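Here are some notes to read alongside the structure. Take them one at a time, and keep the view open as you go.

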Amino acid sequence: MIEVVEAGRWTTIQDRGRPGLERFGIPSGGAADWFAAAVANRIVGNHADAALLECTASGPTLRFDADTVVAMTGGHAAGAPDWQPVRLARGSILAVGTIAPGLRTYIAVRGGIDVPVVLGSRSFCQRGTFGGGFGRPLAKGDGISIGRMADLEPMSTSWPASHRLPSRGPWEVRVIAGPHQNAFAENALERLGAIACRVTPQIDRMGLRLETPGLRLQPGEILTAPMTEGGIQVTPSGGLIVLHVDHQTTGGYPVIATVISADLPLLAQARPGDTVHFRAVDGHEAARAWRRLSGWLGADH
Amino acid sequence: MWQVAPAGDRAMLVTLGHTIDPQLLGQVLALDQALHDRRPSGLVSTVPAYASLLCHYDPDVTDAGRLEAGIRELEGQLDASVAFGPVVDVPTRYDGPDLADVALRTKLTPAGVVEAHAGQEYLVYCVGFAPGFTYCGALPDQLAVPRLASPRLRVSAGSIGIAGRQTGIYAVESPGGWNLIGRTALRLFDPAADPPARFKPGDRLRFIPTS
């Protein structure tokens, strides 16, 4: 068991999510920074589907009642060494502390977090307030069981620094044009790519609001349409909403471009005030970027 | 002519039209069914809404060009005479916080709003936005009112709202900008149920006033 001594700002249980249920209004969800989460599981020797803790801005304090191995990845947490296996003896306390740079830290525990699977996943779904064991973020006093989803030995060394993503902005985020390019002037995406967008304080797992200083995009209207993770919606006032893992499954604002899968983790680590540059790429570059990260994780991912 | 556009590197959006129209919805559902039956290589799942269909694919198995070709083969080949579902009754208490305001705006009495809203069948065009949220149309012209100027932060599950030519049912508590005129005790979203959402596009329903 793990006892939650302090919950942290917004700590939830996540795994690889529940893709395929969007037609019921359910976002795929899962770890916002899928890459950091995959690495954390890999370091402790867990199956790729094991659930872990996603901490936001400031992490929890946890007490472990058995010997175990944990790994912290993603945003840098003040409280413990990250990107490496950390052996904890029974009775140990892990105080994650403040997270910076980056916004979200993942804590994988050898064996995985054991909570009931709801609709194919252990992830907490913010829009539906279900899953994640408690149907809410963790709270002080919660007890969490450890599962049996370890299938490899823990790594004996740190995760190589050369196989990590940038940890702080300015963020360069690659996008593919569309699907609603017709709702914009012909050069709109080019103009968006030429400016530095600014992350506002309005960011969560559903989406990130960005300002476009010096640029006022004028979106046309669309009929309500299905939306995907990474879609960059342009609101009538010209601001951007970049849809994230717990995004609305349909929406009425046109999407000028969509962030490629390999760069979605960057959105999970962007902080208010950071700048984001969007760069349009084609499907081939998106595929190369994906293969690069998959290669770092190994063939089993 | 269908528009097929990338929605990132693992999905593409097929847009069949731009209006709220039962026939267009019928075509979307026919395409959805045809893809379900044919299972083109690499297609993972689909999401229908109004006049478009999102197709998620596995880029390790197929690519956008091949999948688009597979979809285009169906253009003009679909039997769009899809039978919509039987009419489901939605017991409704018309006591929403915006009922009086909607009556003022539409120059009807509250009872007149209820009569107009409950007086016809609706087609479900989309389940989306949030888990189980059910978009229905078309609302009678006389009930068309704009969304609230500032959305509510919390709308409770079961709330029934109207906006523009649409009416919708909130299935889970969420923020919301629609004018709330009533609520139902019918449970529209249940993670333990299969399927988890009570309605799907192509279903039909009517609101039955209860006291």
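This is a predicted model: local features need pLDDT of at least 70, side-chain atom pairs count only at pLDDT 80 or more; totals for chains, interfaces and linings use all residues.

1. Now look at the helix itself. Helix α1 of chain A spans residues 34-44 and is mostly covered, with 11 of its 11 residues buried. Among them are A:Trp34, A:Phe35, A:Asn41 and A:Arg42, and the run ends with A:Ile43 and A:Val44, also buried.

2. What do the buried residues of α1(A) pack against? Their partners in chain A are the strands β2 (12-14), β3 (52-56), β5 (68-74) and β8 (104-109), together with the helices α3 (264-269) and α4 (283-297).

3. Because 6 of its 6 residues are buried, β8(A) is largely enclosed by the rest of the structure. In a regular strand, side chains alternate between the two faces of the sheet. Here A:Arg104, A:Tyr106 and A:Ala108 point one way, while A:Thr105, A:Ile107 and A:Val109 point the other way; all are buried.

4. Next, the neighbours of β8(A). It is joined to β3(A) by 4 bridges, and the two run antiparallel; in this pairing A:Leu53 stands opposite A:Ile107. Another 5 bridges join β5(A) to β8(A), again antiparallel, and here A:Gly74 has A:Thr105 as its bridge partner.

5. Elsewhere in chain A you can trace an open sheet of 5 strands, in the order β7-β4-β1-β10-β9, with antiparallel pairing. Its edge strands are β7 (93-95) and β9 (113-114), each of which pairs on one side only. For β9(A), that pairing is with β10 (residues 143-146): 2 bridges join the two antiparallel strands, and A:Asp114 stands opposite A:Ser145.

6. Finally, turn to where the chains meet. How many residues of chain B are in contact with chain A? There are 39, and they touch 35 residues of chain A. On the chain B side, the elements giving two or more residues are β1 (3-6), β2 (11-15), β3 (43-49), β4 (52-57) and β6 (122-127). Of these, β3(B) gives the most, with 5 residues. By class, this side of chain B has 28 nonpolar, 8 polar and 3 charged residues.

Conventions. Residues are numbered from 1 along each chain as its sequence is written. Chains are lettered from A and ligands numbered from 1 in the order in which they are written. A residue is buried if 20 or more other C-beta atoms lie within 10 Å of its own, exposed if 12 or fewer, and partly exposed in between; C-beta atoms are placed from the backbone. Two residues are in contact if their C-beta atoms, placed from the backbone, lie within 7 Å. Ala, Val, Leu, Ile, Met, Phe, Trp, Tyr, Cys and Pro count as nonpolar, Asp, Glu, Lys and Arg as charged, and the others, Gly among them, as polar. Two strands pair if DSSP finds at least two bridges between them.
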